[in-house]
Amino acid sequence: MNQKILPASSNMKEFEKFLKSPYDIGVFLDMHISQLKNVSQMAKAHNKKMIYHVDLIHGLKSDDYAAEYICQEFKPYGLISTKSSVILKAKQKGVIAVQRIFLIDSHALEKSYKLIEKTRPDYIEVLPGAMPWMIKEVNERLNTPIFAGGLIRSEEEVKNALGAGAAAITTSKIELWERFS
């Protein structure tokens, strides 16, 4: 993936700004199941590729059945989830699988390492992404490309995360979309 910024939308207003942006790939975070069809059609009409955060689609349980439904009905570019069943189904269906992990403490990190070693996602999304030393550690330990997301608020933090080995930054800060487009 050559795109260093992955614009993340959590509402239709942000999504419409993404559609007008030069970026090819975007992330849709928080949505209602009834929005999926419209969002998918709008993205296709603008030649955009979407990654959907399955855990944040209201009205769908975030499990392998939901992942299969989204893959069959909307043919996304990828799926993000904290759930291993979603990651495994995404891989089975041939879409990009992004395992989201939270850097809370050492215990949570070790659990995440074990989970990722089983699921082998295409990418790992590390939150918060404003911790370059942790991006470097996760990258070295798992040798899987990393998206850094959460609490990245400045151009310097974007550069630090990318410098630490992040493949891309997921951000809903439109100012950062514009600075790096």
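Tutor: In what follows, Ala, Val, Leu, Ile, Met, Phe, Trp, Tyr, Cys and Pro count as nonpolar, Asp, Glu, Lys and Arg as charged, and the others, Gly among them, as polar. The model is predicted, so local features need pLDDT of at least 70 and side-chain atom pairs pLDDT 80 or more, while totals for chains, interfaces and linings use all residues. Residues are numbered from 1 along each chain as its sequence is written, and side-chain values use heavy atoms, leaving out hydrogens and water.

Student: What makes up the lining of the largest pocket, by class?

Tutor: Its lining has five nonpolar, five polar and four charged residues. A pocket here is an open set of points on a 1 Å grid over the protein atoms alone, where a 1.4 Å probe fits and protein lies on both sides within 12 Å along at least five of seven lines; a lining residue has an atom within 4 Å of a point. The volume of the largest pocket is about 180 Å³, and of its 14 lining residues, those closest to the centre include Gly 149, Gly 150 and Thr 170.

Student: Which elements give two or more residues to the lining of the second largest pocket?

Tutor: They are strand E7 (96-102) and helix H5 (106-119), where helices are DSSP runs of H or I with at least four residues and strands are runs of E with at least two. H5 gives the most, with four residues, and the lining as a whole divides into five nonpolar, two polar and two charged residues.

Student: How do you know that E7 and E8 pair?

Tutor: Two strands pair if DSSP finds at least two bridges between them. E7 and E8 have five bridges, in the parallel sense, and in one of them Arg 100 has Glu 125 of E8 as its partner. These strands belong to a barrel of eight, closed in the order E1-E2-E4-E6-E7-E8-E9-E10 with parallel pairing.

Student: Why is Lys 75 called exposed?

Tutor: Exposed means over 50% relative accessible area, buried under 20%, and partly exposed in between, with a 1.4 Å probe and protein chains only. Lys 75 has 59% relative accessibility and therefore counts as exposed. Lys 75 lies in the loop between helix H3 (64-74) and E6, and its phi is near 40°, a positive value in a residue other than glycine.

Student: Is Asn 143 buried or exposed, and what is the value behind that word?

Tutor: With a relative accessible area of 69%, Asn 143 is exposed. Asn 143 sits in the loop between H6 and strand E9 (146-149), and its phi, near 50°, is positive although the residue is not glycine.

Note on methods: Grid points are joined across faces, edges and corners, and a volume is the space filled by probe spheres set on the points.
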